[in-house]
Amino acid sequence: MSSATHTEKVNKAPLLTHLIELRRRLLYCFAFFALMFAVSYFFAEQIYHVLQQPLLQIFGPNSGRRMIYTGLHEAFFTYLKLAFFSATFCTLPIALIQVWKFIAPGMYQNEQKALSPLFIATPILFVLGSALAFYVVMPLAWEFFISFESLGQSDGINVELEAKMSEYLALVIRLILAFGLCFELPVFLLVLAKAGVIDAQMLKEYRRHAIVVVFFIAALITPPDLISQIALGVPILLLYELSIILIQRTQSDKEQMLRKQMDQSV
């Protein structure tokens, strides 16, 4: 056997091992997603009841209000969508853990130490953003929208909300995803900073532009009310400022390490 052939086989072996490991981790994530999808669909009615709580608190438990669906298949597909969303929400931390376990062995120890907080912060920030949307924004936004009802009029027709199942779920998912993903801003900016694309000074210089962009995006992805836009825009700007502080600290630590290395080499 020639040395070239032997070298080619040696190079292919680690690649094949990595592909097998990647497939195993993907199958694990898919199996966990399938399990959570089945469980979520089995409890879809109870999960939907939980998502109704911000609206139910405004109406009151004895209001006699109802939700409707206008197509024979609408409730079925609504529960399927809810199960998919719930399974994705539960699978995200597991998927991040599998990604970390796959890429961590190929990293240096200092790289692992730098990136591990980002992987830990990703699901935590997403849950914080989702909780803000569910417990703070939704009650305020729903109360604002319901204020347009006209009930008890003797000289006119009552205007009363009868929410559709699919539309309500779509709005809830939209808000949860919007707030959850926007709360990932510090992670995104820190990754760009570690890649050398941005630095703290650049973020400071473009702070005014960031304010405009943040509130423009908030106006696009939230319902058309000022409450939701402010509730999303203000925390994102605070996270933007937090990102500047973290990047500055990271840069100062990096500079100190370089100085130590230079001193040791001298």
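Phe-89 is partly exposed in this predicted model, with a relative accessible area of 31%. As a rule, an α-helix has 3.6 residues a turn, so residues three or four places apart point the same way.

Searching the whole structure turns up 14 aromatic pairs. Here are two of them, with the ring geometry:

| Pair | Centre distance | Plane angle | Type |
|---|---|---|---|
| Phe-85 and Phe-89 | 6.3 Å | 45 degrees | tilted |
| Trp-100 and Phe-119 | 4.9 Å | 50 degrees | tilted |

Trp-100 belongs to helix H4 and Phe-119 to helix H5, so this pair ties together parts that are 19 residues apart in sequence. There's also an aromatic cluster made of Tyr-48, Tyr-79, Trp-142 and Tyr-168.

Now for the surface. Tyr-135, Val-136, Leu-140, Phe-144, Phe-148 and Ile-227 make a nonpolar patch of about 580 Å². Helix H5 (residues 109–146) gives the largest share of that patch, 4 residues. Val-136 lies in H5 and is partly exposed, at 38% relative accessible area.

Further along comes helix H6 (residues 165–182), whose 18 residues reach 26 Å from first C-alpha to last, close to the 26 Å expected. Its buried residues include Tyr-168, the one that also turns up in the aromatic cluster. In helix H7 (residues 185–194), Leu-185, Pro-186, Val-187, Leu-189 and Leu-190 are buried. After H7 comes Gly-196, with a positive phi near 85 degrees.

Notes
Residues numbered from 1 in each chain as written. Predicted model: local features only at pLDDT ≥ 70, side-chain atom pairs only at ≥ 80, totals over all residues. Heavy atoms only, no water. Helix = DSSP H or I, 4+ residues; strand = E, 2+ residues; numbered from the N terminus. Expected span 1.5 Å × (residues − 1). Buried < 20%, exposed > 50% of the residue type's maximum accessible area, 1.4 Å probe, protein only. Patch = residues over 30% accessible without salt bridge, like charges linked within 9 Å, V, L, I, M, F, W, Y side chains within 5 Å. Areas by Shrake-Rupley, 256 points an atom, 1.4 Å probe, with all protein chains shown as cover. Salt bridge = Lys/Arg side-chain N within 4 Å of Asp/Glu carboxyl O. Phe/Tyr/Trp six-rings, centres within 6.5 Å; stacked < 30°, edge-to-face > 60°.
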